[in-house]
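This report describes the fold of one protein chain and then turns to selected elements and residues. The sequence and the structure are shown below for reference.

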Amino acid sequence: MTETIQSIVSEIRSSNSFLLTSHEGPDGDAVGSSLALASFLRKIGKDVCVHFSDPIPELYSFLPGVETVQAGIPERDFDVAFILDIGELRRAGDEFCRFSRIGKRVNLDHHLGCELFGDHNLIDSSAAATGVLVHRIARSYGYAFDIETALCLYVAIITDTGSFRYSNSNKEAFTIAGELIECGVNAWDVAEQLYENQPCKRLELLAQCLPTLELFAGGRAASVTVTLDMYAATGAGAELTDGFVNYPRSIHGVEVAVFFRQLDVSKWKIGFRSKGKVNVAAFSRALGGGGHHNAAGCNLDGSYDDVRSKVRAIVGSYL
Ligand SMILES: [Mn+2]
């Protein structure tokens, strides 16, 4: 691991132009770790282009450097491409996967079983966030952290640890967070940006979603549903449903939460969340999807009643 970090640092020292990207549907770690790396590289005088295949959610628009993110990749050569927090290369999007004017590829990730597609692969599933890996690299370079880089890293870590609640909230995550606070990051300002800044439409949509709450499997599972009608009634879009599945999961005695999200008249996206004991990847695989122990999902076609009973049967048979 230390050797990989050393090789990446040498690659940074000997290169000038960098292309950075992360996964589709970017989350706080994807955006925060990429912008932190961009900020560090720019401050040491490098030429940096940040590309995301999907738009950056409005929630992260306060991050320094977000205005430099490009939806397209300029037709030019890059010495090094950093691919962050991605798990599988295809999640970088078609444009990046087709783009070949790259000298070396560096893969930074903390997903278990990440594909080793890089010339350098810094993969550590014990890292709380990909931002932690960026911190290790910048520190190993001897970089004195500035407030912009620190703010992006803090957001990467706080979002991927669920505000230091999830089981990945290890000592390294807290130690780095402490250092970032020392650099001038204000914990309340960040929390206010992330959690006290919701569009009103999101709560209106949540108000329509919560009455759909159902407990099943003897109270060990619970679900909520969002339909196309609810989007139409509130003017809110699917991107505002992030976190809705945490409400059924938060119930006493519930081990598995299910989120039914209507994509089209008879198309549904099903999200599963576990409190830790139950492996929800097993449900989603049984239904043709994928995911991780604590978070998984799949798509199903059919009427709500059909999809709902199929999912409840699978979850019931495992619990
Ligand atoms: Mn991550």
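Which residues does Ser15 touch, not counting residues up to four places away in sequence? The answer is given under the first heading.

## Ser15 and its surroundings

The model discussed here is predicted. In this model Ser15 touches Asp79 and Val80, once residues up to four places away in sequence are left out. Ser15 lies in the loop between helix 1 and strand 1 (17-21). Asp79 and Val80, its partners in contact, fall within strand 3 (residues 78-84).

Ser15 has 16 other C-beta atoms within 10 Å and is therefore partly exposed.

## Overall architecture

The protein chain contains 12 helices and 11 strands. Its radius of gyration is 20 Å, close to the 20 Å that the globule rule gives for 319 residues, so the chain is as compact as a globular protein of that length. The C-alpha trace spans about 60 × 40 × 35 Å along its principal axes.

Of the 319 residues, 42% count as buried. Among contacts between residues at least 6 apart in sequence, 64% join residues at least 24 apart. The domain assignment gives domain 1 (2-195) and domain 2 (200-318). The centres of domain 1 and domain 2, taken over C-alpha atoms, are separated by 30 Å.

Strand 4 (residues 102-109) pairs with strand 3 in the parallel sense over 6 bridges, and Ile83 stands opposite Asn107 in strand 4. Strand 4 also pairs with strand 5 (residues 120-123), again in the parallel sense, over 4 bridges. Here Asp109 stands opposite Ile123 in strand 5.

## Helix 6

For helix 6 (residues 171-182), 12 residues should span 16 Å at 1.5 Å a residue, and the end C-alpha atoms are 16 Å apart, which agrees. Ala173, Ile176, Ala177 and Leu180 are the buried residues of helix 6. They cover an arc of only 105° around the axis, which puts them on the same side of helix 6.

These buried residues pack against helix 4 (130-141) and helix 5 (147-160). The exposed residues Lys171, Thr175, Gly178 and Glu182 are carried on the face turned away from the buried side of helix 6. Gly184, which follows helix 6, has a positive phi near 115°.

Six strands form an open sheet in the order 6-7-8-9-11-10, with mixed pairing. Strand 6 (214-216) and strand 10 (290-291) are the edge strands, each pairing on one side only. Strand 10 and strand 11 (residues 295-301) run antiparallel and are joined by 2 bridges. In this pair, Gly291 stands opposite Ala296 in strand 11.

## Two loop residues with positive phi

Which loop holds Asp85? Asp85 is placed in the loop between strand 3 and helix 3 (94-98). Its phi is positive, about 60°, although Asp85 is not a glycine. Asp85 counts as buried because 30 C-beta neighbours lie inside 10 Å.

Ala217 lies in the loop between strand 6 and strand 7 (221-226). Ala217 is not a glycine, yet has a positive phi of about 50°. With 17 other C-beta atoms within 10 Å, Ala217 is partly exposed.

Note on methods
Residues are numbered from 1 along each chain as its sequence is written. This is a predicted model: local features need pLDDT of at least 70, side-chain atom pairs count only at pLDDT 80 or more; totals for chains, interfaces and linings use all residues. The radius of gyration is taken over C-alpha atoms; the globule rule is 2.2 Å times the number of residues to the power 0.38. A residue is buried if 20 or more other C-beta atoms lie within 10 Å of its own, exposed if 12 or fewer, and partly exposed in between; C-beta atoms are placed from the backbone. Two residues are in contact if their C-beta atoms, placed from the backbone, lie within 7 Å. Two strands pair if DSSP finds at least two bridges between them. The expected span of a helix is 1.5 Å times one less than its number of residues. The arc is that of the directions from the helix axis to the C-beta atoms. Domain bounds come from an automatic or database domain assignment.
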